[in-house]
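Hi,

Here's the structure I promised to pass on.

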Amino acid sequence: MKIINISYDGTAGVPVVREPASALRNNTGTWRVFRQVIDKDKCVRCGRCWVFCPEGAIHVDDDDIWIDYDHCKGCGICVTECRFITARREE
Amino acid sequence: MRQMITGNGAAAWGARLSRAEIIPNFPITPQTAIIEEIASWIAEGEMNADFLPMESEHSVMSALAAASSAGTRVFSATSSQGLMLMTEMMFITSGLRLPVMLVNVSRGLSAPITLWSDHNDALVQRDSGWLQIFCSNNQEALDSVVMGYRIAEDNDVLLPMMINLDGFTLSTTREPVEIPDQSEIDDFLPAYDPEHTILDPKEPMSVGCVVFDEYMYFRSQQRMAMQNSKGLIKDVCSEWEKMTGRGYGLVEPYFTEDAERVLVICGSESAILKYTIDKLRKDGERVGMLRLRAIRPFPCEEIIDALSDVEEIGVIDQDVSPGSGGIIATEVKACLGGRNVTSFIAGLGGRRIGVEKYEKIFRRLGRDVEEWIF
């Protein structure tokens, strides 16, 4: 039987990603129902939320701590771990 | 070199001659002798490979997939329940397009428990995207493993390959087998040098990613790879025939040209069927056989060609899909579009078929029924 409407792409058609960090382009933040918000006035930048975030969506440097909302799926683990992070319904 | 070896021994020789590098394994009857033979060769330094004893068949298939995706040639063997435990990873292996080689020594599925040959274990994996070849003798088992690597590793195919060997009737029976020279095989089968998945720190890649909407695209690529394999199997078989004098193909016709009645069969039971046909032909009966060597890809065109002038067609299934019928019969009927095909279920769990039953089957063709031959 003849197969129509598909062609064979050889090794190009194998499900392998060759580009490092390509997941950055996948905005999984769109899956979020609750938005986690850090209370910056009370935060001491201890980094506990950064340790527990399963997505690596929390970033810390010498001066600041912030959530990358393009990749935060809103799991809420950081809310459980830190009293200064609260979950609000997405608007 | 000609030796009296078992089907298991022949399959092990296939792996050894193909220079398989990683052999993860878990024992199960009637396959274990393949792995034992390979283990002793590795221990004696006669085979240069890593032997990995795993904790289950699921782990075996995981290790096969991992080692293959790192760019090594892999081999393992299993049977029946072991193959069932591999199922989840079977789809992953074919989906990642890894040319893994697995010998399945067919054995009926539990329950109730049996040890003898039956094709249901292999046919459960029919839709898993694996190439499947059914052998009819020990020589074919060795030849199929070596040829299998050439087919599976081709860039137009890149699919895992399962070689089915009937439990006990082949696995434990000694037959004279011609073992080719290593140098001959090295010329025929070059070292595995993949482009699509390799382990190389200079060229990092992520294997087994999430795709969502593109899933259908990758399934279409598997479908096309399977379609490509048809032509390649024929080419590799004819190259093998030039080298060794032993010819194979997608199907093996036996007196189909002038036959009025033909039985379609697969596996080692075809040997006794051939003997029966020789006997009946001496009495002037125009009977023949079509053995399906490849089940995936299914040789639809070859079946149509071979059976175009045949009056009465029967299919012998050593398997059954309760609720549908003989699995091979169902597929043969789909190819032949409305032609009358009599379906026989026989030899389940290794139950003897034998000459008398074949003669009876030949007398009972031409009816649109499913008949069980006990």
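Below are a few notes on peptide bonds and phi angles.

Before you dig in: this is a predicted model, where local features need pLDDT of at least 70, side-chain atom pairs count only at pLDDT 80 or more, and totals for chains, interfaces and linings use all residues. Residues are numbered from 1 along each chain as its sequence is written, while chains are lettered from A and ligands numbered from 1 in the order in which they are written.

Cis peptide bonds

Chain B has a cis bond running from B:Thr29 to B:Pro30, with omega near 0°. You'll find B:Pro30 in the loop between strand E2 (22–25) and helix H2 (32–43) of chain B. (Helices are DSSP runs of H or I with at least four residues, strands are runs of E with at least two, and both are numbered from the N terminus.) B:Ala111 and B:Pro112 are also joined by a cis peptide bond, this one with omega about -10°. B:Pro112 sits in the loop between strand E5 (101–106) and helix H5 (120–124) of chain B.

Positive phi

A:Asn5 is not a glycine, yet its phi is positive, at about 80°. That residue belongs to the segment before strand E1 (16–17) of chain A. A:Asn5 is exposed (12 or fewer other C-beta atoms within 10 Å of its own, with C-beta atoms placed from the backbone), as it has 5.

B:Phe168, another non-glycine, has a positive phi near 65°, and lies in the loop between strands E7 (161–166) and E8 (175–178) of chain B. B:Phe168 has 19 C-beta neighbours inside 10 Å, so it counts as partly exposed, the class between exposed and buried (20 or more).

Cheers
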